[in-house]
Amino acid sequence: MAAFTIRRKLALWYSLMLMLFLCAGFTLVYFITKNTLLEQSRINVEKDALTVADEVKNYRGRFLIDMDDAQEQRLTGGLLYALYDPDGKWIDGRRVLWMDDIPVEYNTRLIEHDGAEWFVLDQNAYPYGYADSVGYIRVLLPLESVYSVLNKLLITGIAAFLPCILIAGAGGLFIAGRALAPVKKITDAAKTIEKGNLSGRIDLYGGKDEVGELAATFNNMAAGLQKAFDREARFTSDVSHELRTPVTVILAHAEEALDNTDAESAMHALRVIRKKGIQMQNMISAMLTLARGNKEPERQRVDLSLITEDAASEAQANAAGITVEKDIEPGIVLMGDQLLLIRLIVNLLDNAVRYNRQDGHIKVVLRAESGRALLTVSDNGRGIAPEDLPHIFERFYRADKARSGEGSGLGLAIVEWIVAAHKGTVSVESAPGQYTRFTVSLPVV
């Protein structure tokens, strides 16, 4: 048995709702039509009773209904009429016998006889020239024609009902199928992703409704997942590659120290091991910092001028042969994570020192402009080649391949993440052999 899908449920809902509206609408039309026909029949009975009463005349001492053929044709079809004396004895007119037994009531009323309904009206007869009633007129109108019209209306409604429901069901299936087509595509794309292929997408064909919005959100989510998995795969590959070299060096020198009894050689091996251990420690620390990328940094008031001054002074103390010039505007405060902001400045300065010349120069400038703090760190070192500029913020990317053993290759990636986490921007300008300038813009309080 086929599954009772949402598409079928919607089609059934459309059909049931249409059935309900059709039934309600037809019932309303039926009773309005019935009441209208009955009201018109009642009016006709009262009008015809007046017409017949006006034709009661005295012929040689006997009261009769004097109507010609033309007058009778103007009466409602099927009308029965009769004249009775005050004692209820029939005098004249077209009648059936059972109408003589109807109780006299001077108003229009509905009666039933042998399963058929009739309108009945009794009305006093006042012939021309007579002030007193000479009897009463009784008119009867069969309602067979009214119910004949209603029966035809009922048959027509029933005959039209089934095709309308079938059309509604087919239309409901079609509309629901069109409306839910993106859901099927979402399911197929999800199954594709479930199999490990993150390239699955949904072709929207410009859909702007709620389902189209869901499909667009799914595509954005899938694209984000693909980027995240690609990034993590690349990160894992880069980490394994970057750690493999220092681990190999450490093991090799450890073996050398164990096999060599010479104290000087053992000390050399230990120094190399220590250096590579520090390099690995820095790399792991950097990776842990980047691992926080999905977490919102802490927010507190940070004196950016103060921490920039301290970081520049420390860089000057540790950078032998390199001068550090400071031009820092005091009192620049922003909301952010102080430890991360210190790491941001230190990484930029460390990069400027590492890739500078022996007697190089570094300039640190901090200014507040238009509600933002502008931090510039520039050096007159070797610079960055134009083909390397688009990649310097990538993890483990080194513009100088000959110096791949220095640093973790994560410093500028951390800078970019910290800046983005503080709703800022970072840019770089460089000319090979001349200068490199990093500019960071951050919102201030």
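L121 stands opposite V139 in strand β7, strands being DSSP runs of E with at least two residues and helices runs of H or I with at least four, both numbered from the N terminus. The model is predicted, so that local features need pLDDT of at least 70 and side-chain atom pairs count only at pLDDT 80 or more, whereas totals for chains, interfaces and linings use all residues. Residues are numbered from 1 along each chain as its sequence is written, and side-chain values use heavy atoms, with hydrogens and water left out.

Strand β7 (residues 136-142) is joined to β6 by 7 bridges in an antiparallel arrangement, where pairing requires that DSSP find at least two bridges between two strands. Strand β6 (residues 116-124) also runs antiparallel to β5 (residues 109-113), to which 5 bridges join it; here F119 in β6 is the bridge partner of L110. The β5 and β6 strands form a hairpin with 2 residues between them, and D114 in the turn has a positive phi of about 55°.

Across the protein, the secondary structure comes to 8 helices and 14 strands. Of its 445 residues, 35% count as buried, that is, under 20% relative accessible area, as against over 50% for exposed and in between for partly exposed (1.4 Å probe, protein chains only). Among contacts (heavy atoms within 4.5 Å) between residues at least 6 apart in sequence, 63% join residues at least 24 apart.

F174 lies in helix α3 and is exposed, with a relative accessible area of 52%.
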